[in-house]
Amino acid sequence: MSIFKTLDDLGDITGKVALVRVDLNLPMKDGSATDLTRVEAVKPTILELADRGAKVLLLAHFGRPKGARHSTMSTSMVQGDVEKVLDREIMFIPEVMGPVVEQAIGILSDGDIGLLDNVRFWPGEEANDPDFARGIAAHGDFYVNDAFSAAHRAHASTEGLAHCLPAYAGRAMERELKALDAALGNPEPPVAAVVGGAKVSTKLDVLKNLVGRVHHLIIGGGMANTFLAARGVDVGKSLCEHDLADTANAIMDEADHAGCTVHLPYDVVVAKEFAANPPSVRTCNVHEVGADEMILDVGPQAVEALGDVLKTCRTLVWNGPMGAFEIEPFDAATVALAKTVAALTQDGSLISVAGGGDTVAALAHAGVTDDVTYISTAGGAFLEWMEGKELPGVKALG
């Protein structure tokens, strides 16, 4: 992990202007945010800087305006939601640089918070235009990045600003980077990875990276069907990318050479239709799947065996559910494995780091959100980290 400065490295910041990149791209319905998780995540950083006397200017994107102003994508849309979480009044500033911002800074008192407009209203943001970054930086004394979820984007507000001002990781970014380092950067062995989801094609780079870095690779979801088919198993009507058979075999061969054990289910839950509690649902050996059946979950014997594997491990990284967890009874394997992971984590025998939208939802469904070591809500950035890619927003802090 690269060495980066945190808020602990800041001296007296009274009266200084902090430019803070946060993720306020909130899901909305009827003019209000339906999920405030991202605001809760950056709350500690914002309040710490404000309480230490800085003038805090928040930089964020909202939607995909593609370099043009849209009233429905102004960050003013989320101002009320941010104020509610912070329990502070915020000044909305309808620009990101220039005399309007300068005037606002003059009005703000030490410890006050301002919300700049959507950085993606300007083409220079996504183009990572150095002049645009310098224009924003002209108003700040230092830069804080607390938006890991946008760290895989080399944009002006996520990467460019770090080259213009003294740069620091916010508290959420700091927690994320430390958790990810514990999971794959410098993990305590043995290391296991759970990778699930619908398609192998979306996670090829993840799988190729992991086989050389973990001791146990547990494959679930529709992805497992592709690997089973590659090994000659008839998976019936299951979701399966048959054209990736050679790729799946190549990944398993790489795992063998690297000393990584790939775990595929040997018993599965099948049904003739994808619906809640269908009459045709049954559990069988993978070699007994009917031509008119589809695999929708991992079977109980395989899940129990996977639990035994995890008991021998010290570190786990998890991305993707084991089955079609949104519909009962095909949530059973994901829930059972999640509860095992939670128990091992609470016992202190396992460091567990999970991420990705479906994974976050699955762990919440299993009721173990508070019982794993760390859950990343970063989505694309988390996936690129699992692929072994260097994230521009993180690299710039080093």
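**Close-up views of a predicted model**

**View 1. The largest nonpolar core.** In this predicted model, the largest nonpolar core holds 68 residues. Leu57, Phe148, Leu207, Leu210, Leu217 and Trp385 have the most contacts inside it. Helix α6 (residues 171-185) supplies the largest share of this core, with 6 residues. A second, separate core has 30 residues, including Val22, Ala54, Phe62 and Tyr168. In soluble globular proteins, nonpolar side chains tend to be buried together.

**View 2. The surroundings of phenylalanine 148.** Which residues does phenylalanine 148 touch, leaving aside those up to four places away in sequence? Met173, Glu176, Leu177 and Leu180 are among them.

**View 3. The open sheet.** Six strands line up in the order β5-β6-β4-β1-β7-β8, and their pairing is parallel. The edges belong to β5 (91-93) and β8 (167-169). Each has a single partner strand, so one side of each lacks a neighbour in the sheet. On average, neighbouring strands of this sheet are turned by 25° against each other, direction ignored.

View 4. Strands β5 and β6 (residues 113-116) run parallel and are joined by 3 bridges. Isoleucine 93 has leucine 116 in β6 as its bridge partner.

View 5. How many disulfides does a search of the whole structure find? The search finds 0. Cysteine 313 is in no disulfide. Its nearest cysteine sulfur belongs to cysteine 260, 10 Å away, whereas a disulfide needs two sulfur atoms within 2.5 Å. Cysteine 313 is buried, at a relative accessible area of 3%. Cysteine 164 is partly exposed, at 32%.

Technical notes:
Residues numbered from 1 in each chain as written. Predicted model: local features only at pLDDT ≥ 70, side-chain atom pairs only at ≥ 80, totals over all residues. Heavy atoms only, no water. Buried < 20%, exposed > 50% of the residue type's maximum accessible area, 1.4 Å probe, protein only. Pairing = 2+ DSSP bridges. Helix = DSSP H or I, 4+ residues; strand = E, 2+ residues; numbered from the N terminus. Axes fitted to C-alpha atoms, helices over the stretch in contact; angles between N-to-C directions. Core = buried A, V, L, I, M, F, W, Y, C linked by side-chain atoms within 4.5 Å. Contact = heavy atoms within 4.5 Å.
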